[in-house]
Amino acid sequence: MEEKEFGLNDVVEMKKQHPCGTNRWIIIRMGMDIRIKCEGCGHSVMIPRREFSRKMKKILVKHEQ
(Lines give C-alpha, C1' and ligand atoms only; values in the text may rest on other atoms or scores of the structure.)
Protein backbone atom coordinates (compact mmCIF):
# COMPACT_ATOMS: atom_id res chain seq x y z
CA MET A 1 0.00 0.00 0.00
CA GLU A 2 1.34 3.44 -0.88
CA GLU A 3 2.13 5.86 1.95
CA LYS A 4 -0.07 8.97 1.82
CA GLU A 5 1.69 12.29 2.33
CA PHE A 6 -0.06 14.44 4.92
CA GLY A 7 1.12 17.14 7.29
CA LEU A 8 0.12 19.36 10.16
CA ASN A 9 -2.91 21.62 9.48
CA ASP A 10 -3.95 19.72 6.33
CA VAL A 11 -7.69 19.31 5.83
CA VAL A 12 -8.52 15.67 5.05
CA GLU A 13 -11.57 13.61 4.17
CA MET A 14 -12.08 10.34 6.03
CA LYS A 15 -13.87 7.26 4.66
CA LYS A 16 -16.65 7.52 7.26
CA GLN A 17 -18.29 10.82 8.11
CA HIS A 18 -18.62 12.16 11.63
CA PRO A 19 -22.04 11.81 13.36
CA CYS A 20 -22.48 15.61 13.09
CA GLY A 21 -22.70 15.18 9.29
CA THR A 22 -19.34 16.70 8.29
CA ASN A 23 -16.56 14.78 6.57
CA ARG A 24 -13.83 17.46 6.81
CA TRP A 25 -11.13 17.04 9.46
CA ILE A 26 -8.04 19.15 10.20
CA ILE A 27 -4.84 17.52 11.47
CA ILE A 28 -3.89 19.32 14.69
CA ARG A 29 -1.17 17.01 16.09
CA MET A 30 1.24 14.51 14.57
CA GLY A 31 3.47 11.89 16.14
CA MET A 32 2.95 8.20 16.85
CA ASP A 33 -0.73 9.13 17.02
CA ILE A 34 -2.58 11.65 14.87
CA ARG A 35 -5.09 14.05 16.45
CA ILE A 36 -7.75 15.30 14.08
CA LYS A 37 -10.48 17.87 14.72
CA CYS A 38 -13.91 17.89 13.09
CA GLU A 39 -14.53 21.13 11.20
CA GLY A 40 -18.26 20.85 11.80
CA CYS A 41 -18.59 20.50 15.57
CA GLY A 42 -15.00 20.89 16.82
CA HIS A 43 -14.74 17.42 18.37
CA SER A 44 -11.19 16.02 18.32
CA VAL A 45 -10.13 12.39 18.06
CA MET A 46 -6.70 10.80 18.49
CA ILE A 47 -5.99 7.67 16.44
CA PRO A 48 -2.81 5.68 15.70
CA ARG A 49 -0.91 6.78 12.57
CA ARG A 50 -1.33 3.39 10.87
CA GLU A 51 -5.10 3.41 11.41
CA PHE A 52 -5.32 7.04 10.24
CA SER A 53 -3.50 6.18 7.00
CA ARG A 54 -5.97 3.37 6.39
CA LYS A 55 -9.09 5.44 7.13
CA MET A 56 -8.09 8.64 5.31
CA LYS A 57 -9.70 8.99 1.89
CA LYS A 58 -7.93 12.07 0.48
CA ILE A 59 -6.36 15.42 1.31
CA LEU A 60 -8.77 18.28 0.54
CA VAL A 61 -6.56 21.27 1.42
CA LYS A 62 -2.77 21.04 1.72
CA HIS A 63 -1.33 23.46 4.30
CA GLU A 64 1.52 25.60 3.00
CA GLN A 65 4.48 26.36 5.27
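This is a predicted model: local features need pLDDT of at least 70, side-chain atom pairs count only at pLDDT 80 or more; totals for chains, interfaces and linings use all residues.
Trainee: The side chain of Asp10 reaches the backbone nitrogen of His63 at 2.7 Å; what makes this a polar contact?

Mentor: A polar contact is a pair of N or O atoms within 3.5 Å, where, within protein, one must be able to donate a hydrogen and the other to accept it, and residues adjacent in sequence count only if both atoms are side-chain atoms. The distance to His63 is 2.7 Å, so it falls within that 3.5 Å limit. The backbone nitrogen of Gly7 likewise lies 2.7 Å from a polar atom of the Asp10 side chain.

Trainee: Why is Asp10 called buried?

Mentor: Buried means under 20% relative accessible area, exposed over 50% and partly exposed in between, using a 1.4 Å probe and protein chains only; Asp10 has 1%, and therefore counts as buried.

Trainee: What makes Asp10 and Lys62 a salt bridge?

Mentor: The term requires a side-chain nitrogen of Lys or Arg within 4 Å of a carboxyl oxygen of Asp or Glu. The closest N and O atoms of Asp10 and Lys62 are 3.3 Å apart, so the pair qualifies. These two residues are 52 residues apart, and Lys62, at 47% relative accessibility, counts as partly exposed.

Notes
Residues are numbered from 1 along each chain as its sequence is written. Side-chain values use heavy atoms; hydrogens and water are left out. Helices (H or I, at least four residues) and strands (E, at least two) are DSSP runs, numbered from the N terminus.
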